[in-house]
Amino acid sequence: MLMRLVLTARASLIPSPPTFNSAYGYVSWEAYANVSYYTRVLPPVPHGCPTPMGTKGRKQLPDAQLLAERFLLRRTFEADPRGTNLMFAFFAQHFTHQFFKTYGKMGRGFTKALGHGVDLGHLYGDNLQRQHQLRLFRDGKLKFQVVGGEVYPPTVADAPVAMVYPPALPAERRLAMGQEVFGLLPGLCLYATLWLREHNRVCDVLKREHPTWSDEQLFQTARLILIGETIKIVIEDYVQHLSGYFLSLKFDPELLFGVQFQYRNRIAVEFNQLYHWHGLMPDSFVVQGEEYSYEQFLYNTSMLTDYGVEALVESFSKQVAGRIGGGQTINGHVLQVAVGVIEESRQLRLQPFNEYRKRFGLRPYESFQELTGEDEKAAELQELYGDIDALEFYVGLLLEKPQPNSLFGESMVEIGAPFSLKGLLGNPICSPEYWKPSTFGGATGFEIVKTASLEKLVCLNVKKCPYVSFRVPDSGEAGATGSHGGGGPAAEL
């Protein structure tokens, strides 16, 4: 009953069908039907207003670079008090890049990710041509290479998809993955490898169950199973950790059967802006006791095969991530991303932070002091913006004082959660028409979805199960391994 209440109350805050986009601040067919746009929860600030944020604040917004350097740039690393780790940080980045694919070449407010939700386009490619280049076309499987007896993504030479790599990177280190930017970080390559192995493992399970099935049916059914697994892991492992709820969240689409609910999702500009969580990134990366700087870590795809999946999982699970909220939490190497978000929000004319507080049922802040809890910071913000009602959306989210024992402040959770839960439960596989054994190839496939977890994703696809979690281990827990060893009877599911 509680879980149904959480889902319906949260999801009802997101307009469905969508109402606005960056080109249309009024209800229009284009805003509804053109999926090349991100949608908008609130329409843009109208042109011709007295100030950039409407009617309040200064005639000119503070310089974005100045804001970032003064209020967002990290001075000293502050660990997340809840023990969030890099395994979580890389999962967040990997997962969200299937539906956050801003397409600046088209103009403001456009996206390349036409799926608008959990479609695993970051594993299978965001178009049919890319998907075909990544597929083996045998037994439903994706292409792969074997290094040291272990399965990894193929090279671009074997799967000729467009990837973003520095020109000097040797051909054998250019891995081919569903999302073109995933070569950037070993943590993204790690998750791409885990899901590749899982897809091919599920294909083997389905092939045993259905020996007469074609390559196409095996592939398509495995994809539906992996979408289900992803949603299960996101709700019961990822959102559970993120929310800090004492209530155990449960992925059960049947909770919404018989309730008015639309099984369609559109990604909003505000959700994209909100999800820039670069504060999670540490000042350096530690793998098996070896410290790597950003320069050594970026585009280091060979780290995946040199260390292996188990070592990376264990290392990332044991390294604590940084706090996101409260200001001064972003490492200098990624600060320019935050500057870009601020500048984009101005081009898109996002409404003020307090307007979003009101839209999501929260009381607007009455002062910068109330927002930050710090007198000096509040005075500087008052000088720059002139009015709390002129504070920008993204800046407000990052400068809001964190809740006790939390990654960030109230607004990030209360505004982000409705987008997240609507996107997850609005997936077609959660509908009464899809949520049945036959969709997933029978009872065995349905059981894979219903029993998925982060631990199983890792441990069914490695030889020796490492410590795996979204939080750093408590003392005495670090040496523990998961309960699902690689191979053996557990691997059948």
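Which cysteine does a disulfide join to C459? The disulfide joins C459 to C465, with an S to S distance of 1.7 Å.

## Basis of the model

This is a predicted model, in which local features need pLDDT of at least 70 and side-chain atom pairs count only at pLDDT 80 or more, while totals for chains, interfaces and linings use all residues. Residues are numbered from 1 along each chain as its sequence is written, and side-chain values use heavy atoms, with hydrogens and water left out.

## Overall form

The protein chain holds 20 helices and 6 strands, which are DSSP runs numbered from the N terminus (helices being H or I of at least four residues, strands E of at least two). Its radius of gyration, taken over C-alpha atoms, is 22 Å, close to the 23 Å that the globule rule (2.2 Å times the number of residues to the power 0.38) gives for 493 residues, so the chain is as compact as a globular protein of that length.

Along its principal axes the C-alpha trace spans about 70 × 50 × 45 Å. Of the 493 residues, 56% count as buried, where buried means under 20% relative accessible area, exposed over 50%, and partly exposed in between (1.4 Å probe, protein chains only).

## Cysteines

A search of the whole structure finds 1 disulfide, a disulfide being a pair of cysteine sulfur atoms within 2.5 Å. Both of its cysteines, C459 and C465, are buried. Elsewhere, C203 counts as buried because its relative accessibility is 0%, whereas C49 is partly exposed, with a relative accessible area of 28%.

## The largest pocket

The largest pocket has a volume of about 1,000 Å³; a pocket is an open set of points on a 1 Å grid over the protein atoms alone, with protein on both sides within 12 Å along at least five of seven lines, and lining residues have an atom within 4 Å of a point. The volume is the space filled by probe spheres set on the points, which are joined across faces, edges and corners. Of the 34 lining residues, the closest to the centre are Q93, H97, H276, H278 and V337.

The elements that give two or more residues to this lining are α4 (86–96) and α13 (335–347), and α13 gives the most, with 5 residues. By class, the lining has 19 nonpolar, 11 polar and 4 charged residues, where Ala, Val, Leu, Ile, Met, Phe, Trp, Tyr, Cys and Pro count as nonpolar, Asp, Glu, Lys and Arg as charged, and the others, Gly among them, as polar.

## An annotated residue

An unreviewed UniProt entry places the feature "binding site" at R10, although such annotations may be inferred rather than shown by experiment. R10 is found in helix α1 (residues 2–11) and counts as buried, at 11% relative accessibility.

Terms used
1 Å grid on protein atoms, 1.4 Å probe; cavity = no way out; pocket = protein on both sides within 12 Å on 5 of 7 lines; lining within 4 Å.
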